[in-house]
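Here's a quick tour for anyone meeting this structure for the first time.

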Amino acid sequence: MPQMASYVILCSPVVLCLWEETKTSVSDSLKNNVSWHGLGVSTLSWVLVWSRRRWRPTDASNLQRDTNKAEDQSATACSRRVSEDCSIGGTYSGVEAMGLLWSLQPVPGSKPGLRMRKKNVQAPMVVTISVYSSHLTEGFGDQVPLAGVEVERWYMAPGVQRIPVTEDGLTATLFLPSGPGPFPGLLDLWGGGGQLVEYRAALLASHGIASMALDYLTCKYTMETGKIVEQDYFEMAYKFLQKHPKVLGSRIAMLGLSLGTSVILKIAVHSQIMKLRCAVCVSGSHVQPMDGFLKEILDYFSKNSGNTHFTKDNEVVWRDLLLPIPTDLSLKVDMKGMMERAGNSHLLTLLSYPNAGHLIEPPYMPHARVSLFREIQSRQKLMVLWGGQTLEHSRAQEDAWRKLLVFLRKNLYSGVKSGSSSLSNL
Amino acid sequence: PILSVRPSRALVDEAFEVLVENLPPVSPFTLRSLHHSEDGDDWEAYGHYFSDHSGRVSVSEDLSFGGTYSGREPMGLIWSLRPVPGSRTGLRLRKKDVTTPMLITISLYNGHEDFRDNSPLVSMVTERWYMGPGIQRIEITDGGLRGGLFIPPGPGPFPGILDLWGGGGGLLEYRSALLASRGYICLALEYFKTGQMKSTDLSFEYFEKAYHVLKDHPQVIPDRVGIISLCLGTIVTLSLVVESAEIKPSCVVCISNMITKSPGKTLSGFHRSIPSKFNKIRVDENNHQIWRDVGLALLKEPSMKVDVAKINCPLMLVNGCDDQNWCAVETADDISKTMNAAGKGHLLTRVDYPDTGHLIEPPFSPHCFAGNFFVYSSNEKVIQLYGGKTKPHSDAQDDSWRKILSFLRHHLYCSHKAKM
């Protein structure tokens, strides 16, 4: 009877906490330790990741040029570690501890323009990691894997509370960290796609910041009246956070991507009510009309829509929408200039990542170079080119997230004395 | 202050890192863990620390200067858990429902001795799981069997393990769930309900049926089935291995050994044979019962011992030198002597841990020094002394688990060129 080789895949931690967390290693921040043990593996093996939905086998052909190890086969188990060994091909190559996640792509034959985003943050994303016994580039579905293991990636740490917010006319979700508090607060704004996107706020709450994801384009008010919200909508959100018993009212930040950046910059400069402790702007622009608020910003984009390009695949390139950067001061929030003149340019931290695209997300999220996007105003569905090369983009996400957390922690947590649990809304 | 526990969700045998930052420099703090058990009791552990000049306390790197543990103990907040002052006596922390995690709240307080007078500055909940993601739990009830089968995710096939607990009876699934999370199809078998040993028919047939559930399972590699057992379960295991024609495991692990059996091809005689030496039970100053001399007396009766000379598979014996509940080390000596004399010594792997008691559980389980026990022959509830000193016992749990896992992996996952 032929000897059945058995394989076991070990993934530590098996039940993972946070989407961007992995197992501790000595020098690095936590990395996922995926290793597999088997005997007599003289053939080349593969590690594959299936996400529970239709996302792909990320293939990594892993190490295993073991033919010269034939003599070791009998006695010892032969094992490989993704974090130490080299992938020689597949959706990623080289030594990439987390390559199995960030290089996830839709399986061949999927709808075009997909983007992986977690809607329900209260349940984990389940990823199946499997080993196959040769280098495969396709046809995974037909092959029986040698071994498989399931791994859970969570956006919410245990004890984090998810609270939908509808009062004061808001459409938002608040995530409170576990523990007695009080905690610094954060308003989380996404971009021109609208909707209530919760995963980043959930992750930040898992790091000790009471974060509120705010829908400002497709919120109840806009859907019912057809009107775009004004500055007071954001001020209402800010005040909601400020008066919350578990939030430190004097330590509220804002984080925004894309269009969210435009909103934040306007607010940071003009709002009398919103006193931000710090702000993080990702993939945004400071070019916007000085008068008015969100509607005017959107109108400005529409006006410049003549600058839209199309690639040969008919993908929309919006990059030049706001170029050339106008020198007309009424058309931009001149942050850098004003800051230099005011002598506070030391407040500015600028991070630019070469070959990264527009959608700089929390780490290990699959890179979407192109995806289907529903334009808010015209309700049209377009295939938009976001850009970025997968490897550099993924590195940028990892690095940016770490720096973002350090920045937020420095500005929101420093100077808090140990006995300050009685600090209320100052 | 900022408290982080990484990973905040993990299997119970995985370590975590507890880190606090943003504290005033070089000041006294206490880190405390709190767990509310399924039985409604509160368990706690705590360590006294000093923050460093950068306002940091790292449980993995820094020293605890008192509390329920001291020194550099990354997992001290778990293994030194004990009932809070004022709790009921004789408690033992064991998870009944393995489909949900153990929730442990880790909190930071100002100060050392009087820390309880202050409210926590910051706290976090961490989850400790017995069942990893993708593990299936199947209740086994056919053929009169009572057990829980745990199947890892993946195509398989997998080696199988039969899991037998001890004299307390009942269905205990946590070790099986953990072994499944480590790649084995594991069957936790209940062979008598607590307090009902007298009335339970423990024929070999029952265990053989259970063994076949594993062996014949479509996802189990039929010639890679092992057995793991503790305490009374070790007698069951050794008796079956020696005398049952159906049960031929690839390897066996026996923790806290006993070899006194009941006569014949049934295990139903326990409630008679062991109590025959109950006059040897001593009590300590707290009226806790020490049973180890019962075992010593029984060891002297050769007709009552499992004939371990007939064992033909690799056998691993794990024992605690301070076992007050049974003479586990002396039993292991006896087994070694017999097997060596029969030329079977090469099958034996033995580990004896100093200052370790009877209940050698998966890592980081709180050490139970003395616990409530229901005596099957007299239907009496007593407190048995299990022995062991907390720190060495916890180290033994940690080390023995790793040794057991590598023993199982060696015999159940790797192929043998030559059968022994």
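## Quick briefing

B:E21 counts as partly exposed, at 22% relative accessibility; buried means under 20% relative accessible area, exposed over 50%, and partly exposed in between (1.4 Å probe, protein chains only). This is a predicted model, where local features need pLDDT of at least 70 and side-chain atom pairs count only at pLDDT 80 or more, while totals for chains, interfaces and linings use all residues. Residues are numbered from 1 along each chain as its sequence is written, chains are lettered from A and ligands numbered from 1 in the order in which they are written, and side-chain values use heavy atoms, with hydrogens and water left out.

**Salt bridges**

- Searching the whole structure turns up 33 salt bridges over all chains (a side-chain nitrogen of Lys or Arg within 4 Å of a carboxyl oxygen of Asp or Glu).
- B:E21 pairs up with A:R409 in a salt bridge, 2.8 Å from N to O.
- A:R409 sits in helix α8 (residues 390-413) of chain A and B:E21 in strand β3 (residues 17-21) of chain B, so this pair joins two chains; helices (H or I, at least four residues) and strands (E, at least two) are DSSP runs, numbered from the N terminus.
- Over in chain B, the side chains of B:E44 and B:R116 meet at 2.7 Å, N to O, in a salt bridge.
- B:E44 lies in strand β5 (residues 42-50) of chain B and B:R116 in the loop between β10 (102-110) and β11 (122-129) of chain B, so the pair ties together parts 72 residues apart in sequence.
- B:E44 is buried at 1% relative accessibility, whereas B:R116 is partly exposed at 41%.
- B:R32 joins B:E44 and B:R116 in a network of salt bridges.

**Cysteines**

- There are 0 disulfides over all chains (a disulfide is a pair of cysteine sulfur atoms within 2.5 Å).
- A:C278 is in no disulfide, and its nearest cysteine sulfur, that of A:C281, is 10 Å away.
- For B:C254, the closest cysteine sulfur is in B:C313, 8.9 Å off and too far for a bond.
- Both cysteines are tucked out of view: A:C278 is buried at 7% relative accessible area, and B:C254 is buried at 0%.

**A buried leucine**

- B:L298 belongs to helix α6 (residues 292-299) of chain B and is buried, with a relative accessible area of 1%.
- B:L298 and B:I274 are 24 residues apart in sequence and 7.7 Å apart in space, C-alpha to C-alpha.
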